[in-house]
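Subject: Structure for you to look at

Hello,

I am passing on a structure that you have not worked with before. Please open it first and then read the notes below.

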Amino acid sequence: METDLINKFRYLAQKKFTIEKAIDSLDISETEILFLLSTLRHLGENITLDNGVLTFDKPNTKETKIHTSKHPQDLKICFISDTHLCTTFERLDILNYIYEKCEYLGIKNVFFCGDLVDGTDINSRKNYHQAPYLIEDSFSGQLQYVDEHFPYFSGLTYMINGNHDLRWKHEVNRNIIEELSLIRNDIVYLGDDRAIANINGIRIFMAHQLRKELNNLPNNIDIIQGGHLHSSRYYEYNQIPCFQTAALINFPPYLQRSTAAVERSCWFLGISIDDDNNIYYIDETLETFNKKTLKKQISYK
C-alpha cells in the first residue's frame, strides 16, 4: 500500500471528512476506503467510521509517576524496544543479556517503547493467524509465552504498546501489555502507544511512532524515547534529548522486500541532575548486537 495514500487518508480522517468526500478526494472506491480503514486500524491507528464520517481520535497522553529510593542525581535507566516476541526472528538471548547487565549495573528502571509481540499477521488479511513465523498465533498463547519468557529482574519495566501489540486490541478487544502487567508485578503498563513516565520529577515522553507525535509534544518534557523504526539515533528536538531505540530481533520475513534495515541495540543512560531537578548531563551508551548468537561470556563492561 502506498505511503502517500495512507498519509492522505489519515489527514482526511483528522479533518473528519465524510466517506463520500474521501472517495472523491482520493479517487478510489468505497471498497478501497474500507480496506484502508481496516488496515490502519489493525496497524494501531485509532480511526473510525461513524455515520459516514471518518474520525481520528487521539486520547490524552497518560502520565505515570515513578518514585525511586535513590536521589534522582543517581538516576540510571535503560531504553529498549521492538522485541516482536512469539516469532522465529525474536532474540531472547539479547533480551536476557540486557536484563542481566541491568542487574550488574544496578539499573532498576527499564523503559520499553512498544511492539512487545508481533501480534497477528495482517499481511494475510483474512487468515490472520496463518503466518509461518509465529511461534504462538493466539492471544492467550502469546500472553502465556511472554509471561514465561520475558526476563524477570529486581527492578521494573515500564511499557507502552506498539502497532503490533495493538493489533490484538483491534481484533479481539484485548490489551496484551495491560494484561501482562496484571500477572507480572515487574511489568508496569503506561499506555497504548505513547505515555509520560515521571521519574522523580524527570518527565520521559515515550511514543512508539515518534515522528507522528513530535508536532504535538506535551509541555515540559525532559527526555524523549521512540521505537518502531528498528534503528537507533540520538538527536535533539527543541533542545530535548531524543533517543530513537532500535529493535531486538533478526530481520523479519515480512520485510524481505523492504529496503529497511534492522539494527539490534539498546541505550544505557546515566542522568545527572542538579539541586533544582534540572538535567545537566546525560552519559549515554549505545550497545549494539551484531552477532548471530550472543555468548554468555560477553563482558558487561
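**Aromatic pairs**

The structure holds eleven aromatic pairs. Rings of Phe, Tyr and Trp (its six-membered ring) pair if their centres lie within 6.5 Å, and planes under 30 degrees apart count as stacked, over 60 as edge-to-face and the rest as tilted. One of the pairs is formed by Tyr97 and Phe289, edge-to-face at 5.6 Å centre to centre with 80 degrees between the planes. This pair links distant parts of the chain, with Tyr97 in helix α4 (residues 92-105) and Phe289 in the segment after β14 (279-288), 192 residues apart. Helices (H or I, at least four residues) and strands (E, at least two) are DSSP runs, numbered from the N terminus. Both Tyr97 and Phe289 are buried; buried means under 20% relative accessible area, exposed over 50%, and partly exposed in between (1.4 Å probe, protein chains only).

Helix α4 also holds Tyr99, which pairs with Phe150 in the loop between α5 (139-149) and β6 (156-160), 51 residues apart, so that this pair too links distant parts of the chain. The pair of Tyr99 and Phe150 is edge-to-face, 5.5 Å centre to centre and 75 degrees between the planes. Tyr99 counts as buried because its relative accessibility is 2%, and Phe150 counts as buried because its value is 1%.

Ring pairs also link Phe79, Phe111, Tyr158, Tyr234, Phe243 and Trp267 into a cluster.

**How the model was treated**

This is a predicted model, in which local features need pLDDT of at least 70 and side-chain atom pairs count only at pLDDT 80 or more, while totals for chains, interfaces and linings use all residues. Residues are numbered from 1 along each chain as its sequence is written, and side-chain values use heavy atoms, with hydrogens and water left out.

**The chain as a whole**

The chain has seven helices and 14 strands. Of its 301 residues, 50% count as buried. Among contacts in the chain with a separation of 6 or more, residues 24 or more positions apart account for 66%; contact means heavy atoms within 4.5 Å.

**Charges over rings**

The charged end of Arg184 sits over the ring of Tyr152, 3.5 Å from the ring centre. The charged end of Arg233 sits over the ring of Tyr235, at 4.1 Å from the centre. A charge sits over a ring if NZ of Lys or CZ of Arg is within 6 Å of the ring centre and within 35 degrees of the ring normal.

**Helix α5 and its neighbours**

Two packed helices are described by the angle between their axes and the distance between the axes. The axes of α5 and helix α7 (residues 176-183) come within 10 Å and cross at roughly 50 degrees. That makes α5 oblique to α7, since angles under 35 degrees count as roughly parallel, over 145 as roughly antiparallel, 65 to 115 as roughly perpendicular and the rest as oblique. Axes are lines fitted to C-alpha atoms, for helices over the stretch in contact, and angles run from 0 to 180 degrees between N-to-C directions. The crossing of α5 and α7 is right-handed (left-handed if the near helix is turned anticlockwise from the far one by less than a right angle, right-handed if clockwise).

Phe139, Gln142, Leu143, Val146 and Asp147 in α5 meet Ile176, Glu179, Leu180 and Ile183 in α7. The buried residues of α5 are Phe139, Gly141, Gln142, Leu143, Tyr145 and Val146, and they pack against α4, α6 (163-172) and α7.

Val146 is buried, with a relative accessible area of 1%. Leaving out residues up to four places away in sequence, Val146 touches Leu85, Cys86, Leu116, Val117, Leu180 and Arg184. Val146 and Leu116 are 30 residues apart in sequence and 8.4 Å apart in space, C-alpha to C-alpha.

**Loop residues**

Asp82 is found in the loop between β4 (75-80) and α4. Its phi is near 50 degrees, a positive value in a residue other than glycine, and Asp82 is buried, with a relative accessible area of 0%.

Asn220, in the loop between β9 and β10, has a phi near 60 degrees, also positive in a residue other than glycine. Asn220 counts as exposed at 65% relative accessibility.

Regards
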